[in-house]
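The following exercises concern a single protein model. Please work through each task before reading its solution.

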Amino acid sequence: SLNSSSGTLSIEKTSQYITLTEGDRYWLENKVSYIDKPGEWAYVKENDLYRIYYCPLNIEDLQKTEASGKYNRVVFGNEVKNIIIDGIEVTGSTWNGIEFINSENVTVKNVLVYNNHWVGLRFQYGQNVTVKNSIFTRNFNGVEFTSSTNGVCKYNDIGYNSNDGVWVTWDSSSITIQKNYIHDQNLWGHPDGIQTYRNVSELYILNNLIMNNGQSIICQETSNGEISGNTLIGSNAHSIIMGNDNFIFDNNTILFSGYRIVEFFGNNYTLTNNIFMTGWDMWLYSISEVSGYSGTNNLFYKSQVHNDKILTSPDGWAQTLEQFQNSVSQELDSLFGNPQFVNAPVHYAVLNTSRIHESTETTWYLRDSISYFLVNDIIEAGFDGIARTVTAVSEDAITVSPGLSQRPIRNLLIANWGTNSNLQWDLQLRSGSPAENLASNGGASGSSINVSQYRSGDFNGDGKRDIPQNPFE
């Protein structure tokens, strides 16, 4: 119960697993008297009916407000073949927005799927199934392949789902995730851009922009795959966790990890022609738990502040690339140095979620990396494109102006652009970059993705938007 006069909340302990400590956070829902912002709502039971109280942005919005209450799926197919779903809008399901089970040769394209309780689009026991040129946003999960074969996810914008962007699970095989913008899964649980688990094989993650997620990619119980040509920017934890066998990493650019760039477990990894940069003084990855590692023509970097180890081998920490090379006889043609991107942040930090209750709209407590911030630095919060100036730096917090529209409630990823107020991302390499001619074919290491084009919905570089208009933009 809530005692407003004393400012206390009393909670009945209903499980032996509930433990409460000072600083724990909670949320309050369905309290009519606490509605004070547009978009908030609550309901009250009146006899056998319910009355809904809703605060709109404009009073005229009430003329366009509805509670769809669609039980279960909006679009559903079971044991169907040769189906095309094209150009529809799906929202308001209490389960999955679109679902196909035991179906073959299904294509879903040009759809807008949002605000569904569980998954935006789910293929279960599917064969030859494709989703392309679509938007999946503000669902619990975006797109899911379960027990499916020959699946393709291509040219989609998958963002702001409260858990994961793309799931591949339960014996799925031959799944290709290619040329998508997967972003802003950064809310509840351990949100991931892409998550795979339960005996997945032949997984291909190619040429995607994966940005601002709890973790960019987590692959468990997955074998025989390739992660190539991707640009990964910003994670609250590790950028990638790999607990698998037989994977190739080639021509990726992976930047700004909350912890390490990759957490490796399993066997047989080949890493070639990549750029890895943490953006702060954290080592890049460890191969101490890996059997069968091969790497060459990669560029490693942390940030302009570098005081500690960079990699870990079975022999222990390596404080220089040369130590790592001597330890494992790998990365002999790789380099350590600043990639020298045309326009990108110089440092990176994440919010200290254990002190999130102390953070405000303008003052943020950081987990680490406080030494990378100076008064008058220009920072970007959650990669939102808004230039904010650091006005104060304390022992463990920064104060910025302008502030956020509301205090942070979960992860907040912070890019420090130094004195640069141009926040237009351009990860092309400057002339003289150590990665410029580093690749095994004499070309550039790293990904060739144009970040701005992908974020605008142009995945093939023709200057035209490849997906529907997003009503939330």
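**Exercise 1. Salt bridges**

Is R355 buried, partly exposed or exposed?

Solution. The model is predicted, and local features need pLDDT of at least 70, side-chain atom pairs count only at pLDDT 80 or more, while totals for chains, interfaces and linings use all residues. Residues are numbered from 1 along each chain as its sequence is written, and side-chain values use heavy atoms, with hydrogens and water left out.

Step 1. Apply the classes: buried means under 20% relative accessible area, exposed means over 50%, and partly exposed lies in between (1.4 Å probe, protein chains only). With a relative accessible area of 22%, R355 is partly exposed.

Step 2. Find the partner. A salt bridge requires a side-chain nitrogen of Lys or Arg within 4 Å of a carboxyl oxygen of Asp or Glu. R355 forms one with E358, and their closest N and O atoms are 2.8 Å apart. E358 is itself partly exposed, at a relative accessible area of 34%.

Step 3. Examine a second pair. D384 and R388 meet through their side chains in a salt bridge of 2.8 Å, N to O. Here D384 is partly exposed, with a relative accessible area of 35%, whereas R388 is buried at 4%.

Step 4. The structure holds 12 salt bridges. As a general point, side chains of opposite charge can pair when their charged atoms come close.

**Exercise 2. A link between separate parts**

Determine which parts of the chain the salt bridge between R198 and E221 ties together.

Solution. Step 1. The side chains of R198 and E221 meet at 3.1 Å, N to O.

Step 1. Helices (H or I, at least four residues) and strands (E, at least two) are DSSP runs, numbered from the N terminus. R198 lies in the loop between β20 (192–197) and β21 (200–206) and E221 in strand β23 (residues 215–228), so the pair ties together parts that are 23 residues apart in sequence.

Step 2. Both ends can then be classed by accessibility. R198 is partly exposed at 36%, and E221 is partly exposed at 41%.

**Exercise 3. The cavity**

How many cavities of 30 Å³ or more does a search of the whole structure find?

Solution. Step 1. On a 1 Å grid over the protein atoms alone, a cavity is a set of points where a 1.4 Å probe fits but cannot get out, and lining residues have an atom within 4 Å of a point. The search finds one cavity of 30 Å³ or more.

Step 1. Grid points are joined across faces, edges and corners, and a volume is the space filled by probe spheres set on the points. The volume of the largest cavity is about 40 Å³.

Step 2. The lining of the largest cavity consists of S257, G258, W280, Y348, A349, V350, R367, D368 and S369.

Step 3. These lining residues divide into four nonpolar, three polar and two charged. For this division, Ala, Val, Leu, Ile, Met, Phe, Trp, Tyr, Cys and Pro count as nonpolar, Asp, Glu, Lys and Arg as charged, and the others, Gly among them, as polar.

**Exercise 4. Backbone geometry**

What are the phi values of N47 and N251?

Solution. Step 1. Most residues other than glycine have a negative phi, and most peptide bonds are trans.

Step 1. N47 has a positive phi, near 60 degrees. This residue occurs in the loop between β3 and β4 (49–54) and is exposed, with a relative accessible area of 72%.

Step 2. N251 has a positive phi near 55 degrees. The loop between β25 (240–250) and β26 (253–255) contains N251, which is partly exposed at 22%.

Step 3. Turn to the peptide bonds. S401 and P402 are joined by a cis peptide bond, with omega about -5 degrees. P402 lies in the loop between β40 (397–401) and β41 (413–416).

Notes. On a 1 Å grid over the protein atoms alone, a cavity is a set of points where a 1.4 Å probe fits but cannot get out, and a pocket is an open set with protein on both sides within 12 Å along at least five of seven lines; lining residues have an atom within 4 Å of a point.
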